[in-house]
Amino acid sequence: MLVASMSDDGPLPAYRAMQRGGRLHHDAAQELAAEKLQSLYNALKDYRPDAIGESGGLRSWAERLGLARLGSRSGRDEQAPQGLFLYGGVGRGKSMLMDLFFAQAPIQLKRRVHFHAFMLEVHSQLHQWRQEKPKQVDLIPALAEQLAAQCTLICFDEFHVTNIADAMILGRLFSALFERGVVMVATSNWAPDDLYKGGLQRDQFLPFITLLKEKLDVLELDGGRDYRMARLKDMTVYHYPLGDLAGRQMRDAFARMTDNEPPIATTLIVQGRQIEILRQVSNAHGRVAWFDFDELCARPLGAADYLAIATHYDVVLLDQVPKLDADRRNEARRFMTLIDELYEHKVTTIVAAADKPERLYPAGDGAFEFERTISRLNEMQSVDYLTRPHLT
């Protein structure tokens with residue numbers, strides 16, 4: 001067991017305060033994770049990454065980026081604190097613990113970001129620079145220099161690697177970030193050794209896993225209580241028809257999944273666009289969002305937007321789903337895409353609809369394509385689906 005600081009600030013005191021307030025049950029694995037995060041918090045108090053030029057002043061972003069383009073490697077006067085890679089099943093409180101740490105972290109330049117969103121930004125920035133400077137051979141050092149100038153601490157939520165484009169970039173990018181003193185904390189459903197498992201050219205990805213385990217302390221948040229599944233026990237997740245009863249069932253489901261915490265609004269950034277999330281809660285037991293059908297399907301949203309929602313939330317409530325026909329073909333297609341993303345990423349989905357899945361799009365142009373959505377809506381009510389891990 002780690003011996004953490006007895007100070008009144010940091011993630012460990014905040015975690016214990018939540019226990020005393022009855023918001024959390026005793027959980028030995030969570031407490032160990034909180035202690036490790038407290039140790040990192042203490043180490044960061046006096047940490048100053050090397051951003052000092054020969055004159056003693058802070059190097060400007062342009063100066064730092066210029067060094068990167070010349071191929072220079074910026075050294076550090078001190079060793080960066082070791083970060084933390086926290087992994088385990090859904091509902092174990094990984095994101096909650098990281099959020100406690102992030103809120104308290106004594107670093108001015110810090111960022112918390114969903115890993116998928118971060119990689120979209122990386123690819124977008126590299127694409128832009130390639131268009132502007134097609135003759136520049138190696139953009140990774142310049143990108144690392146820009147990121148290091150913006151953030152000393154990066155907290156990644158839902159760390160996972162599924163495609164070769166990400167896999168081929170990560171090793172060099174993260175190596176360059178670590179060289180520049182960036183400290184990282186990550187949550188994941190997968191152990192480092194299971195990242196990109198079975199992926200193309202995975203042998204080229206293995207050095208990145210070694211680097212990750214060298215620079216980040218790895219801790220499994222195992223055992224304990226799956227808070228999401230405890231709340232799903234005996235719960236119906238598809239309600240019809242619409243009306244007072246369905247409305248009450250959806251309100252009860254949201255309260256149960258969020259531990260009666262009142263919803264707040266937030267914004268997701270997807271490829272530079274903003275998606276307003278009007279009702280959502282992110283707490284110790286997971287991340288839950290509640291949408292009306294029109295919020296997601298009557299607006300010009302696409303697969304990337306639905307992917308962002310599916311990878312950001314563990315539970316999605318979808319209310320006011322109407323009967324559909326050829327006159328609402330666009331809304332139906334968006335609904336089909338939304339369900340595909342929620343299904344593929346194993347998101348717990350609670351629906352209130354005008355009728356059972358088989359009667360939502362009974363006939364007409366588009367009804368045949370809707371049959372897959374019917375199948376998925378039915379499967380998403382099954383115990384087998386509900387007990388599968390949420391994927392990034």
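The legends below describe close-up views of a predicted model.

**View 1. The largest nonpolar core and its most connected members.** This core has 54 residues, and Leu 296, Leu 317, Leu 318, Phe 335 and Ile 350 touch the most other members. Helix α13 (residues 329-344) supplies the largest share of the core, 7 residues. Another core lies apart from it and has 42 residues, including Leu 173, Tyr 196, Leu 211 and Leu 216. In soluble globular proteins, nonpolar side chains tend to be buried together.

**View 2. The surroundings of Leu 317.** With residues up to four places away in sequence not counted, Leu 317 touches Met 250, Ala 253, Phe 254, Val 288, Ala 289, Trp 290, Phe 291 and Ile 350. Among these contacts, Ile 350 is, like Leu 317 itself, one of the residues that touch the most other members of the 54-residue core.

**View 3. The salt bridge between Arg 287 and Glu 158.** The two side chains meet at 2.4 Å, N to O. Arg 287 belongs to strand β9 (residues 286-292) and Glu 158 to the loop between β3 (153-157) and α7, so the bridge ties together parts that are 129 residues apart in sequence. Arg 287 has a relative accessible area of 4% and is buried. Glu 158 is buried as well, with a relative accessible area of 6%.

**View 4. The salt bridge between Lys 323 and Asp 355.** Here the N to O distance is 3.3 Å. Lys 323 sits in the loop between β10 (315-321) and α13, and Asp 355 in the loop between β11 (348-353) and α14 (371-379), so the pair ties together parts that are 32 residues apart in sequence. Lys 323 counts as partly exposed because its relative accessibility is 43%, a value between the 20% and 50% limits. Asp 355, at 9% relative accessibility, counts as buried.

View 5. Asp 340 counts as buried at 14% relative accessibility, while Arg 372 is partly exposed with a relative accessible area of 48%. The whole structure contains 26 salt bridges.

**View 6. Aromatic pairs around Phe 156.** The structure has 18 aromatic pairs. One of them is the edge-to-face pair of Phe 118 and Phe 156, at 4.9 Å centre to centre and 70° between the planes. Phe 118 lies in helix α5 (residues 115-132) and Phe 156 in strand β3, 38 residues apart, so that pair links distant parts of the chain. Both Phe 118 and Phe 156 are buried. Phe 156 and Phe 159 have ring centres 6.0 Å apart and planes at 75°, so they too form an edge-to-face pair. The relative accessible area is 0% for Phe 156 and 1% for Phe 159. One aromatic cluster includes Phe 118, Phe 156 and Phe 159, along with Phe 85, Phe 115, Phe 174, Phe 178, Tyr 196, Phe 205 and Phe 208.

**View 7. A nonpolar patch on the surface.** Ile 164, Met 168 and Leu 200 form this patch, with about 250 Å² of accessible area together. Met 168 is part of helix α7 (residues 164-179). At 31% relative accessibility, Met 168 counts as partly exposed.

Key
Residues numbered from 1 in each chain as written. Predicted model: local features only at pLDDT ≥ 70, side-chain atom pairs only at ≥ 80, totals over all residues. Heavy atoms only, no water. Patch = residues over 30% accessible without salt bridge, like charges linked within 9 Å, V, L, I, M, F, W, Y side chains within 5 Å. Areas by Shrake-Rupley, 256 points an atom, 1.4 Å probe, with all protein chains shown as cover. Salt bridge = Lys/Arg side-chain N within 4 Å of Asp/Glu carboxyl O. Helix = DSSP H or I, 4+ residues; strand = E, 2+ residues; numbered from the N terminus. Buried < 20%, exposed > 50% of the residue type's maximum accessible area, 1.4 Å probe, protein only. Core = buried A, V, L, I, M, F, W, Y, C linked by side-chain atoms within 4.5 Å. Contact = heavy atoms within 4.5 Å. Phe/Tyr/Trp six-rings, centres within 6.5 Å; stacked < 30°, edge-to-face > 60°.
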